[in-house]
Each structure stands twice: as C-alpha cells, then as structure tokens.
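Please keep the sequence and the coordinates at hand while reading.

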Amino acid sequence: MPAIAYIDTSAFDHNLQRVKALAPHSSVLAMIKANAYGHGILRAAKALAAADGFGVARTGEALVLRNHGFTKPIAIMAGFLDAEELRAMAEYDLIPAIHTEQQLKLLFETPLEKPISVWLKMDTGMHRLGFDHNAISPAYRALLENPKIRKDITVFTHFAESDELSSPKSRQQLTLFQQTIHWPGPKSLANSAAIIAWQDSHADWVRPGIMLYGVSPFTQQVAADYDLKPVMTLSSTLIAVHHLKRGDAIGYGSTFVCPEDMPIGVAAIGYGDGYPRHAPNGTPVLVDHVLCQLAGRVSMDLITIDLRPHPHATFGSEVVLWGRGLPVETVAKCAGTIAYELLCHVTSRVKFIEIND
Ligand SMILES: *Cc1c(COP(=O)(O)O)cnc(C)c1O
C-alpha cells in the first residue's frame, strides 16, 4: 500500500479564479516550476488552462510543456546559460528572463532563426538576479534596438519580503521600480503574497505560485483565510496498531516514551516519501479525520502515531499527513520549514491520483 498524493484538479481552477478576482486587470503567469511545486507539471498546466501563460525556472521544464502540446507563452525565470540554450528557446518560442550583461552579450552575438520575446529583470533590492537601477535602462534600450528581440519586452522584479506584512521592504522595492521604469510597456512584480497584500503591485502580469496550490503565502495565516483550497492531500494507511504499556519507548532513538498504557498506530509513510524527518513528536496527523499526533521519530518508510484521541483506529485506517483538513502550512511550521519545501519534496515512490471535486 503506497502513500498517495491526491491532486484535486478543481482546486487548481478555484485558486486561479481567486487570483483573477484579486487582480482582475492583470494577466496571470502561473508559476509551475519544480514540477509544479511537486504536484506534476503536466497535470498542473492542464488544470490551469485558464492562465495566460506559464512560468518555470529551467529550459527543460518548458520543453516538457512544449513537447506535450502546450502553446501558451512560457517564461523561463533563470534565462539561458549559453548559445545552445538560447537557440532552443527561440526555436520553441520560449521567453527567457534576461538578468545579466552576459546574457545580453550572448543574445547579441548568437544568430537566431526568428525573433525572440524576453522578460527583462530588474533587481530592486533582493540582490539575487536582475539589473540594478542604473543598468536597467541601458539594457532595455539595447534590447529595444536589436531586431532579434520582439518589442513586447516585459520588465519585472521580485519581492524579497512580501510575505512579511509589517516590513517596509516591499514598498521600497515598488517605489524604486516605479521611479526607474518610466517607459510604457508591460510590467510584472507580484508573487502570491503581493497579489493578496499589495494591490498596487499587480501591474500587467501577476506571477502566482504557492496560492495556486491552495497554500497561504503568509506564515501567520492558512489558505482558508483567503478562500484558497489545498490541491494536494498526502495520505497513507495504518498498517499496524499496538497497545503499549506505560514506559514503552517507540522508534529510533526512543524519543517517545508512553506516559500511560496507550494505542500507537504505524502508518506507511516516511521521509522516503517526502514526509519531513524533522517533524517532531506532537506534529498533527489525521487518522480517519480525527486529529492525532506523531509519537516517535520519522523513519524512512514509517511514522508512529499517538492514537489516544482515536482509540478505535485499526489496521487500514486512513491517515492524512497534509491537505484537506490539515494545512500543509501547519505541518511545515512544526517541521521547521515552509510549505513550498514539503510540497516539492514528495518523492516518486508516492502514487499520484487526480480527483475532481
Ligand atoms: C516562484 C516565483 C514566483 C511565485 O512565488 P510564490 O511565492 O510561490 O507565489 C514568482 N516570481 C518568480 C520570479 C518566481 O521565481
């Protein structure tokens, strides 16, 4: 009995409609990098058919989409590394992000069979990728004058702290962007957090990622606070139930010792499936929809569960690790990480089943 990730394709569309309601005047670039945050890039692209385009990080991800017949615009956030990658992008009508002088040089040196669209990235304070406020206008002009480049150059930037509602950084980044980019033409700034919290950052394209998967971008709120529905529900099954005595220790390192006589369930899921090994005693799990807690260390194939809240659980009872009824945000917080990471880390051993309700 493998662990199962149920993917609710109707939740994808629901969440996309939420993006459109929040940013009604913007086009939507649905971010489906990293195998659609672990959900499966092809099923995500199919379920998100109402998006105006897709965003990925790597060329390989975009080629998977093109090879499966997806014809919408696809922007590649890391851009290209060499002439060969650039030519592939032109051939497949992909849109590279241009974020550094070396890419401009490659773009000007490399013969292309047809013109290419580009997104031009400005660094407004995150200091990861992009041209700074002095270099962005010359880069834009150079692109504009080059016949190989289509004229619909979208200028974009990325927020460093948009999930921190009290931080002044997003305001500073937005102001710098607006002061620097004084020419007409498409612009893009907002990720999920900014779509929800920074309306004046919406511009021509919004770039939602995590909210499309039904997850809150803010650590203090869960998705239901914004009427977002979880797309992935990770589940497994109890494959043993034990009635242990007070003082019995459970699992590697004996990190949980029964404080009284109690039932312990063993579920067929572990870090080999992508469940976080650092989830401590007390991390919530649902057993037959009843809220229970981890008891003992997470191992590769198994977890152990304190069944005192649900003493009737048996061999075959359903266990939900996150998703419907248990926000992945909550589990991530317990495990000292973020929902993005948990979703990306679900392994190929897990069986993916699409549902629609
Ligand atoms: C991943 C990504 C996004 C989406 O961010 P979320 O926080 O998941 O909404 C937006 N823009 C860029 C450039 C990204 O890399």
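Which residues line the second largest cavity?

## Cavities

The model is a predicted one, and in it the second largest cavity is lined by Lys 121, Met 122, Asp 123, Thr 124, Gly 125, Met 126, Arg 128, Leu 129, Thr 157 and His 158. About 30 Å³ of space lies in this second largest cavity, and its lining residues comprise three that are nonpolar, four that are polar and three that are charged.

The structure holds two cavities of 30 Å³ or more, and the largest cavity has a volume of about 40 Å³. Around the largest cavity lie His 39, Tyr 213, Val 215, Pro 230, Met 232, Trp 322, Gly 323, Val 328 and Leu 343, a lining with seven nonpolar residues, two polar ones and no charged ones.

## The largest pocket

The largest pocket contains about 890 Å³ of space, and this pocket is the space taken by the ligand. Its lining is made up of 37 residues, and those nearest the centre of the pocket are Lys 33, Tyr 37, His 158, Asn 191 and Tyr 340; His 158 is also one of the residues that line the second largest cavity.

Four helices each supply at least two residues of the lining of the largest pocket, namely helix 2 (33-37), helix 9 (192-197), helix 10 (328-334) and helix 11 (339-344). When the lining of the largest pocket is sorted by class, 20 residues are nonpolar, eight are polar and nine are charged.

## The ligand and its shell

The shell around the ligand consists of Met 31, Lys 33, Tyr 37, Met 77, His 158, Asn 191, Ser 192, Arg 207, Pro 208, Gly 209, Ile 210 and Tyr 340. By class, this shell has six nonpolar, four polar and two charged residues.

Polar atoms of the protein face oxygen of the ligand at several places. An N or O atom in the side chain of Ser 192 is 2.5 Å from an oxygen atom of the ligand, and an N or O atom in the side chain of Tyr 340 is 2.7 Å from an oxygen atom of the ligand, whereas at Ile 210 a polar backbone atom is 2.8 Å from an oxygen atom of the ligand. Taken alone, the ligand exposes 390 Å², of which the protein buries 92%.

## The second largest pocket

The second largest pocket holds about 150 Å³ of space, and it is lined by Arg 87, Ala 88, Ala 90, Glu 91, Pro 111, Leu 112, Glu 113 and Lys 114. These lining residues divide into four nonpolar and four charged, with no polar residue among them.

Definitions and conventions
Residues are numbered from 1 along each chain as its sequence is written. This is a predicted model: local features need pLDDT of at least 70, side-chain atom pairs count only at pLDDT 80 or more; totals for chains, interfaces and linings use all residues. Side-chain values use heavy atoms; hydrogens and water are left out. A residue is near a molecule or strand if one of its heavy atoms lies within 4 Å of it. A polar contact is a pair of N or O atoms within 3.5 Å; within protein, one must be able to donate a hydrogen and the other to accept it, and residues adjacent in sequence count only if both atoms are side-chain atoms. Accessible areas come from the Shrake-Rupley method with a 1.4 Å probe; for residues, only the protein chains shown count as cover. On a 1 Å grid over the protein atoms alone, a cavity is a set of points where a 1.4 Å probe fits but cannot get out, and a pocket is an open set with protein on both sides within 12 Å along at least five of seven lines; lining residues have an atom within 4 Å of a point. A molecule sits in a cavity or pocket if more than half of its atoms lie within 2 Å of its grid points. Ala, Val, Leu, Ile, Met, Phe, Trp, Tyr, Cys and Pro count as nonpolar, Asp, Glu, Lys and Arg as charged, and the others, Gly among them, as polar. Grid points are joined across faces, edges and corners, and a volume is the space filled by probe spheres set on the points.
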